[in-house]
Amino acid sequence: MEIGPYILLASLEGAVTAAVLALTAVGLSLVFGVMRVVNIAHGEFFMLGAVIAWYVAHWMGGHPALGFVAALVVAPLLVGAIAVAADMTILKRLDYDPERTIVATIGLLYIIQQLTLMSYGPEARPVEAPFNQRIALPWIERGESGWQFYYPWGLSTTSYKLAVIGAAGAVLCGVWALMTRTRIGLVMRATQADREMALAFGIPVEKVYALVFGLGAGLAALAAVLIVPIQQAHYLMGADPLLLSFIVVIIGGLGSLPGTVLAAVLIGLSDGIISVFFSPTLAKILATLLVGLVLVFRPQGLFGTRAA
Amino acid sequence: MLRLEAISAGYGKAQVLRDFSLDVAQGEIVCLLGRNGAGKTTVMKAAMGLLPLMGGRVLLDGAEISRRPAHEVPRAGLGYIPQGRRLFTGLSVAQNLEIGLRARRSGRDTLEEVLELFPRLRERMDQPAQTLSGGEQQMLATARALCLRPKALLLDEPTEGLQPSMIDAIRQVIVTLREAGVAILLVEQRVDAVLSVADRVAFLENGRGGAVMEASQLRADRSIVDRYIGV
Ligand SMILES: Nc1ncnc2c1ncn2[C@@H]1O[C@H](COP(=O)(O)OP(=O)(O)O)[C@@H](O)[C@H]1O
Ligand SMILES: [Mg+2]
């Protein structure tokens, strides 16, 4: 295969990574932006989403699409509820103090991980995709008779992967609409701008915080449900999404949603391409290096408008 | 209308206010004077429920608002125009006002009345709040609080850093509000600006309440002011 089709293939893989990463990172970014809480347990909410998806699909039986659709609804709601409970019982008691919430969410990370290990076990388990047709992709090439289409061997994707990209895009548009077009979004942005003034204007800040923490965790869980037919559910699977989400949130500009999405696309695509041509480790090294450079030369993030 | 009864408050363990008491009647402007760091802003934050009280209580129209969670204090009818304006950045002028309207479920008619007082805001409704000029920002901060249709209003240095024409406009609005029966607690550094509008003046020294007197007394004898907050 020539280089062109190869790059297309890598970009498609990268786009799937980017889509799932964007969802996860937007959840982290929302929580940081509105609550100023650095949620180290975010990756565990992702993992819980995948594990719950496996349980739901396993219990439902029948056609794979049935279990998958049920998981798509149940996992984010359940994980969101767990996060709301954690917010009300732990973070609220710490008065959302930035340092103490970091320590608390580290604790939460280990509790969730160990409870999952004890109940779900150390195995990696797959969830079957609801549909999974192989789609061969055409490539264009100049032959003796001018430009012509052909199907290079190995250049293919699946309908499910395309659906993941589409679904993530739709959910992100939904989050954007929620933040900019609805009353609850307005209240969240006011709380983000000035918590004390939000209180002085009758906004129940504690309820807003609980909602945002639940929403952030729910987005991570949703991302995990989307990826679990490709990646399998495992109790340690939360580490990579956490690291990548942090990278994306810092590069995109702390608390900036469009910046987070753009950075996710940038990191996801380059991760896909570098992983295919070189190695996944190099991709992570370069991403981390980029974070260092951004922090030194542009602390507000590549797309951030003002210092956070 | 607004009554502070021996309130004590501070930040963490550091106490700033000690047993401070003050009454503001309906349709009255009381001005709180004191040196920088005396605790004037702290009085307002404590009244709003933004700082936990170490003692005492706050009553609005007979209701003990200091027993309620902070976000219910504005809903009871206490409006706050904080020092430094503190608008919701990132939100437009209209959205800032909308937050004010929602607090007490005020309707469009309230918005119209408020915009009547600040016509310049009407032309800037879709502009992000942080892009307004200093004077316009103060107008917005005031308009936002008025959207609550407050029974009592706390104004913390509303003319800080404004041009004379703007100061006049703000003072005009304060007088209009008094006529509408709002109880007004005003913190101001410019003594001249204060004496022309205030009904009574209360002094605050190192977190403790000092003399409270009629503004007319001070207008007659300025040396009293110098004794309390002089350089
Ligand atoms: N956020 C804070 N944390 C700790 N101390 C504070 C804080 N804000 C103000 N103070 C202290 O409280 C005292 C009164 O401050 P403030 O009420 O702002 O005074 P004023 O408004 O009269 O200038 C000052 O000594 C100040 O240092
Ligand atoms: Mg002050």
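A residue counts as buried when its relative accessible area is under 20%. Keep that cut-off in mind at each stop. The model on screen is predicted.

**Stop 1: helix α1 of chain A**

Select residues 3-35 of chain A, which form helix α1. Of its 33 residues, 25 are buried, so α1(A) is largely enclosed by the rest of the structure. Now check its length. At 1.5 Å a residue, the helix should span 48 Å. The end C-alpha atoms are 46 Å apart, which agrees.

Step just past the helix to A:Arg36. Phi of A:Arg36 is positive, about 60°.

**Stop 2: A:Phe32**

Go back into helix α1 of chain A and pick A:Phe32. Is A:Phe32 buried or exposed? Its relative accessible area is 15%, and the cut-off for buried is under 20%. A:Phe32 is therefore buried.

Show what surrounds this side chain. Leaving aside residues up to four places away in sequence, A:Phe32 touches A:Val37, A:Val38, A:Leu254 and A:Gly255. A:Phe32 and A:Phe213 are 181 residues apart along the chain. Their C-alpha atoms are separated by 9.3 Å.

**Stop 3: the whole of chain A**

Zoom out and color chain A by secondary structure. It has 11 helices and four strands. The radius of gyration is 20 Å, close to the 19 Å that the globule rule gives for 308 residues, so chain A is as compact as a globular protein of that length.

Buried residues make up 49% of chain A. For contacts between residues at least 6 apart in sequence, 74% join residues at least 24 apart.

The accessible area of chain A is about 14,000 Å², and carbon and sulfur atoms hold 69% of it. Next, color by charge. Chain A carries 16 positive and 16 negative side chains. The centres of these two sets lie 9 Å apart.

**Stop 4**

Move to chain B. How many helices and strands does it have? The count is nine helices and 10 strands. Its radius of gyration is 17 Å, close to the globule-rule value of 17 Å for 231 residues, so chain B is as compact as a globular protein of that length. The C-alpha trace spans about 45 × 40 × 30 Å along the principal axes.

In chain B, 54% of the residues count as buried. Of its contacts with a separation of 6 or more, 69% come from residues 24 or more positions apart. The accessible surface is about 9,800 Å², with 45% belonging to carbon and sulfur atoms. Charge coloring picks out 30 positive and 27 negative side chains. Their centres are 5 Å apart.

**Stop 5: B:Met54**

Select strand β4 of chain B, residues 53-60, and find B:Met54 in it. At 40% relative accessibility, B:Met54 is partly exposed.

Which residues does B:Met54 touch, not counting those up to four places away in sequence? They are B:Ser8, B:Ala9, B:Gly10, B:Gly12, B:Lys13, B:Ala14 and B:Gln15. B:Ile7 and B:Met54 are 47 residues apart in sequence, but 7.3 Å apart in space, C-alpha to C-alpha.

**Stop 6: two loops with positive phi**

Start in the loop between α2 (93-103) and α3 (108-117) of chain B, where B:Arg105 sits. Phi of B:Arg105 is near 50°, a positive value in a residue other than glycine. B:Arg105 is exposed, with a relative accessible area of 74%.

Now jump to the loop between β7 (152-156) and α6 (164-179) of chain B, and select B:Glu157. Phi of B:Glu157 is near 45°, again positive in a residue other than glycine. B:Glu157 is buried, at 6% relative accessible area.

**Stop 7: helix α6 of chain B**

Follow that loop into α6(B), residues 164-179. Its 16 residues should span 22 Å at 1.5 Å a residue. The end C-alpha atoms are 23 Å apart, which agrees.

Display the buried residues of α6(B): B:Met166, B:Ile167, B:Ile170, B:Val173, B:Ile174, B:Val175, B:Leu177 and B:Arg178. Finish at B:Gly181, which follows the helix and has a positive phi, near 95°.

Technical notes: Residues are numbered from 1 along each chain as its sequence is written. Chains are lettered from A and ligands numbered from 1 in the order in which they are written. This is a predicted model: local features need pLDDT of at least 70, side-chain atom pairs count only at pLDDT 80 or more; totals for chains, interfaces and linings use all residues. Side-chain values use heavy atoms; hydrogens and water are left out. The radius of gyration is taken over C-alpha atoms; the globule rule is 2.2 Å times the number of residues to the power 0.38. Buried means under 20% relative accessible area, exposed over 50%, partly exposed in between (1.4 Å probe, protein chains only). Contact means heavy atoms within 4.5 Å. Accessible areas come from the Shrake-Rupley method with a 1.4 Å probe; for residues, only the protein chains shown count as cover. Lys and Arg count as positive and Asp and Glu as negative; His and the chain ends are not counted. The place of a charge is taken as NZ of Lys, CZ of Arg, CG of Asp or CD of Glu. The expected span of a helix is 1.5 Å times one less than its number of residues.
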